[in-house]
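Here are a few notes to read alongside the structure. Have it open and follow the points in order.

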Amino acid sequence: AYEIHERLVGSEMCIRDRLLERLLSLARSGGRGEGHQAHHQAHHQAHPYLILCGDEKQLPSIEAGNVIRDVVDSGVVPIVRLKKIYRSGEGSGIATEAPKIFDEAHQLPAKSLDRNGFRIVLGPNRDDRDREAQLQQAIASFCGRVRVHGDSTSVQMLSNTNKQCAAANERLQPLCNAKFHDPAKWARLDRKFGAPWVIDDRVILTESVQGNLSEGRRLNGTMGTIETINVEKKTFVVHFETEDSRHEFRCYDKGVDHGWCVTVWRYQGSEAKAVVVLFQSQWALSCELLYSALTRGQKESILFASEFALKTALAKREGKGRVTRLSARLKEAAIEAATEAATEAATGALHTQTEGSSPRSSLRSPPRNSPRNSPRSSGRPSSQTNHDTLDCRNSSALDYIESFAFGKTETLESMPKKRKK
């Protein structure tokens, strides 16, 4: 949603504030958003609808907030749930087994499994020897998937710690980059920690950066390839294929790292033909983390973990760990919009009834000085008739407001109208 909204309104503005402003605007306008103007490529164009695509079962965004889950929990915005999975194909084990992670009645069992591209490989994790053997097993699976799918860019390894990713990348670099074995011909930059930088290395942004060779902003999690290396200046240029842009980094910049194995958080929203997941630490394991990792694969998803790590992940839920008022603000905005709409509809009906009354009907109305309309007898102004007409609609208006706030109605036509006598 962050990247989509950046393309919609431009990267020079505060994307998150604009997204929240847009959601509140839609809630106040009853989800129609007429007349809203958005900045897009230095032009003002009308965008009457905002469509957010996401999955509340996955991990929340890296940045602050919990937009998708808050929007769903508000009950104000219409929700459409897609039942057919196109990413993994019909009959895929990823589509049938991954949703069981959240199924309390028939949850995914913590045992080895192999079903139509969905595999769970459990092994011991008692000491360093067990962990090294499991790491080598995961790397062998990675290389096997590369041979099946054609190239290393079609396969992605995921883990839950940066330390595990660094260890995997050191072993994957000589297997995935042939230029690593010929340092005399191909330049490289050694680092104090981690694998050296070599031309054709696969890298990933670990934080968003402002372009220095190309315009625009490169977002956290964007994949690229090292194109050139300047040994004297200790810099290298990364080419980002998806955006056809380039960015120059210094050797010790912290905003970039090798990308054969990355954390699940950094890869969320992306996908590959095959995904190899390695969980050797229990840190931050949860149903959301496990689900996000195993659903990144289009054709194959393979998990390497211990039985204890898998049980830990299946037993924990992320829940609503982030403090935000977006859901409450959306409800307040919807109630405010429904109140205004109900008042306008009631006022319009009153004017229509007043203008449609005939001169003869006025003869049957009580005299002007009768107790009913007398200001002195009631202590209220003579325009009390108008207030009585509005009061008789209060219960209907409140019902409409409540139903509007929780997404049970979308149009004003559903509001009951007073019959003419």
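1. Let's begin with a β-α-β unit. Strand E16, helix H8 (residues 287–294) and strand E17 make up this unit, and it is right-handed. Keep in mind that you're looking at a predicted model.

2. Now zoom in on E16, which covers residues 272–279. Of its 8 residues, 7 are buried, so the strand is largely enclosed by the rest of the structure.

3. Who are the partners of E16? Strand E5 (residues 155–159) pairs with E16 in the parallel sense, over 5 bridges. Here you can find leucine 158 opposite valine 277 of E16. E16 also pairs with E17 (residues 297–305), again in the parallel sense, over 7 bridges. In that pairing, valine 276 sits opposite isoleucine 302 of E17.

4. Next, the greasy part. Nonpolar side chains tend to be buried together in soluble globular proteins. In this model the largest nonpolar core has 31 residues, and Leu158, Val277 and Leu303 are among those with the most contacts inside it. E16, H8 and E17 are among the elements that each supply at least two residues of this core. Which helix gives the largest share? That's H8, with 6 residues.

5. Leaving out residues up to four places away in sequence, its contacts include Val277, Phe279, Leu290 and Leu310.

6. One last thing to find: another core lies apart from the largest one. This other core has 19 residues, including Val146, Ala168, Trp260 and Phe304.

Key: Residues numbered from 1 in each chain as written. Predicted model: local features only at pLDDT ≥ 70, side-chain atom pairs only at ≥ 80, totals over all residues. Heavy atoms only, no water. Buried < 20%, exposed > 50% of the residue type's maximum accessible area, 1.4 Å probe, protein only. Helix = DSSP H or I, 4+ residues; strand = E, 2+ residues; numbered from the N terminus. Pairing = 2+ DSSP bridges. Right-handed = clockwise from strand over helix to strand, strands pointing away. Core = buried A, V, L, I, M, F, W, Y, C linked by side-chain atoms within 4.5 Å. Contact = heavy atoms within 4.5 Å.
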